[in-house]
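Colleague: I would like to learn how to read pockets and surface patches in a model. Could you take me through the idea and then the case at hand?

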Amino acid sequence: MKHRLAKSVGLSLLSPVIIGSVLGVYYALTLNTDPLTTFFQLLMSAIANAHIVGLTMAAFVVPGYLLMYKYAKVNYSGVLTLGLLGGAIFSYLLSATAGMVFLINTAMSALAAGLFLYGLRLGAVKQQPPQ
């Protein structure tokens, strides 16, 4: 169980790279500036805000999942909501109180919670014997 949780948390930390890459490609293609510079600026900005994702995973998502697992009431929408809530709280406290950065940090944390659940499901499917 602990090994699956660790792998899932590690997978969730790809969220800043994914969000930064998607935003970087979008703005590199739409703005009339140097595309390579724009891409790397947005990618580095997303990676610089990865501490929001880490704190959200450590304080909200993993403890919430473990509590749900303990009582056999795991609800995926509940885990995703914890990711959104944690991302919003930590983004407000540490990074941005409003604006696009606030929304992107919150979406990054929600994606991290989704990748966490994906990693858990992927590990559960691999461990089940064939039928």
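**Surface and pocket**

Modeller: F40 is partly exposed, because its relative accessible area of 42% falls between the limits of 20% and 50%. This is a predicted model.

Colleague: In which helix does F40 lie?

Modeller: F40 belongs to helix α3.

Colleague: Which residues form the nonpolar patch on the surface with F40?

Modeller: Besides F40, the patch takes in L14, V17, I18, V22, L36, M44 and I47, and together these residues have about 700 Å² of accessible area. Two or more of the patch residues come from each of α2 and α3. The biggest contributor is α3, with 4 residues.

Colleague: Now the pockets. What is the general idea?

Modeller: A probe the size of a water molecule, rolled over the atoms, shows where empty space is left.

Colleague: What volume does the second largest pocket have?

Modeller: The volume of the second largest pocket is about 160 Å³.

Colleague: Which elements each supply at least two residues of its lining?

Modeller: They are α2 (15-30), α3 (35-48) and α6 (100-127). The largest share, 5 residues, is from α6.

Colleague: Which residues line the second largest pocket, and how do they divide by class?

Modeller: The lining consists of L23, Y27, L42, S45, A46, N49, M100, V101, I104, N105 and M108. By class, 8 of the lining residues are nonpolar and 3 are polar, with no charged residues.

How values were computed. Residues are numbered from 1 along each chain as its sequence is written. This is a predicted model: local features need pLDDT of at least 70, side-chain atom pairs count only at pLDDT 80 or more; totals for chains, interfaces and linings use all residues. Side-chain values use heavy atoms; hydrogens and water are left out. On a 1 Å grid over the protein atoms alone, a cavity is a set of points where a 1.4 Å probe fits but cannot get out, and a pocket is an open set with protein on both sides within 12 Å along at least five of seven lines; lining residues have an atom within 4 Å of a point. Grid points are joined across faces, edges and corners, and a volume is the space filled by probe spheres set on the points. Ala, Val, Leu, Ile, Met, Phe, Trp, Tyr, Cys and Pro count as nonpolar, Asp, Glu, Lys and Arg as charged, and the others, Gly among them, as polar. Patches are made of residues with over 30% relative accessible area and no salt bridge: like charges are joined within 9 Å, nonpolar side chains (Val, Leu, Ile, Met, Phe, Trp, Tyr) within 5 Å. Accessible areas come from the Shrake-Rupley method with a 1.4 Å probe; for residues, only the protein chains shown count as cover. A salt bridge is a side-chain nitrogen of Lys or Arg within 4 Å of a carboxyl oxygen of Asp or Glu. Buried means under 20% relative accessible area, exposed over 50%, partly exposed in between (1.4 Å probe, protein chains only).
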